[in-house]
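Trainee: I would like to learn how to read surface patches and aromatic pairs. Please take me through them.

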Amino acid sequence: GPLEEVSIPLYFGWFLLFSVKNKIKCTSMDFLKTLDTLDAFKKHSVDFTGKAEKEVDLEQYFKPAGILHCTTKFCDYGKAEGAKEYAENQAVIKSYGSISDLSLSAFFVTPRTCGARVYLTEEQLQLWPADAEKQAEPVPEAAASLPLGSRAHITLGCAEGVEPVQTGIDLLEILAQQESQQGELVEEMELGSLTYYGEGKWLLNLREPICVPACFSSIYG
Ligand code: 2AM
C-alpha cells in the first residue's frame, strides 16, 4: 500500500560522523589547493577553463557537497530498480544504524566532480548492491568488469550544474583507465602519488588510507 511505499528512502549509505566531517573537508581542500598550483596541473588547465593558460581556483570551482556520505543504494523512494529488495535485505536491516570505519584510499578530481574513493571491507560489501557498477548511466567502457565496490565514493564537490551521481561515473572511468594502465604518474606528493588520466582527470592515491567512522543509515529528505 502507499504507507509501504513512503517507507523506502531516497537513498541508503554510510554517513560520516559529525566529528570527522571537518577533517575530511580540510584534507580535501588542502589537496585542491596544492593541485591547482602544480605546473603539471596548470599545463592542463584548459580541461577546466576551456581556455589555454587561464588559471583555475579549484576551491571555488567545486560547489561543496551537502551531507558527506557514501551512497550504497539510490532508491528514489522505491522508484529505482531493486529499491524494495534492497530495503528488505536482511544484511541491510541488521546493519541499519551501525557504525563502521570507512577507508578512504584516494582523492580524485575531474572537470565535473571531486570525490574520495572508498575501499570497502568484506563486511561492508555485504551492503553493496551487486549491480552498482553496472547501473551507471552511461556505463563507462570496461567499468562493468571492475570488482564489486569499485564505485564506492564520497562526493566532495560538483562543478556548477553537475549532479552528484556523476562522481561515481567519473571514478569508474578513472579506474577502468587505471586497469589498462593509461595513467601518467605525475608527481609524488606528501599525501601520495598523483596520476593524470587525460581530459582533466586526476587521481591521488593515498600513501596512508584515511579512516573515518560512519553510520549506515538512510535519507528521506
Ligand atoms: P553520490 O552518491 O555520487 O553523491 C542523492 O542524490 C544521492 O544519491 C547523492 O549522493 C547521489 O550521488 C546519489 N545518486 C543519485 N542518483 C543516483 C543513481 N542513479 N545511482 C546511484 N547513486 C545516485
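Trainee: Which residues make the nonpolar surface patch?

Mentor: Nonpolar side chains (Val, Leu, Ile, Met, Phe, Trp, Tyr) are joined within 5 Å, like charges within 9 Å. Areas come from the Shrake-Rupley method with a 1.4 Å probe; for residues, only the protein chains shown count as cover. Here Tyr 77, Tyr 96 and Tyr 220 make a patch of about 300 Å².

Mentor: This is a predicted model: local features need pLDDT of at least 70, side-chain atom pairs pLDDT 80 or more, while totals for chains, interfaces and linings use all residues. Residues are numbered from 1 along each chain as its sequence is written, and side-chain values use heavy atoms, without hydrogens or water.

Trainee: How many aromatic pairs are there?

Mentor: Rings of Phe, Tyr and Trp (its six-membered ring) pair if their centres lie within 6.5 Å; planes under 30 degrees apart are stacked, over 60 edge-to-face, the rest tilted. That rule gives twelve pairs. One of them, Phe 41 with Phe 48, is tilted, at 5.3 Å centre to centre and 45 degrees between the planes.

Trainee: Are Phe 41 and Phe 48 buried or exposed?

Mentor: Buried means under 20% relative accessible area, exposed over 50%, partly exposed in between (1.4 Å probe, protein chains only). Both are buried. They also belong to one aromatic cluster with Tyr 61, Phe 62, Tyr 196 and Trp 202.

Trainee: Why does Phe 216 count as buried?

Mentor: Because its relative accessibility is 0%.

Notes:
Patches are made of residues with over 30% relative accessible area and no salt bridge: like charges are joined within 9 Å, nonpolar side chains (Val, Leu, Ile, Met, Phe, Trp, Tyr) within 5 Å. A salt bridge is a side-chain nitrogen of Lys or Arg within 4 Å of a carboxyl oxygen of Asp or Glu.
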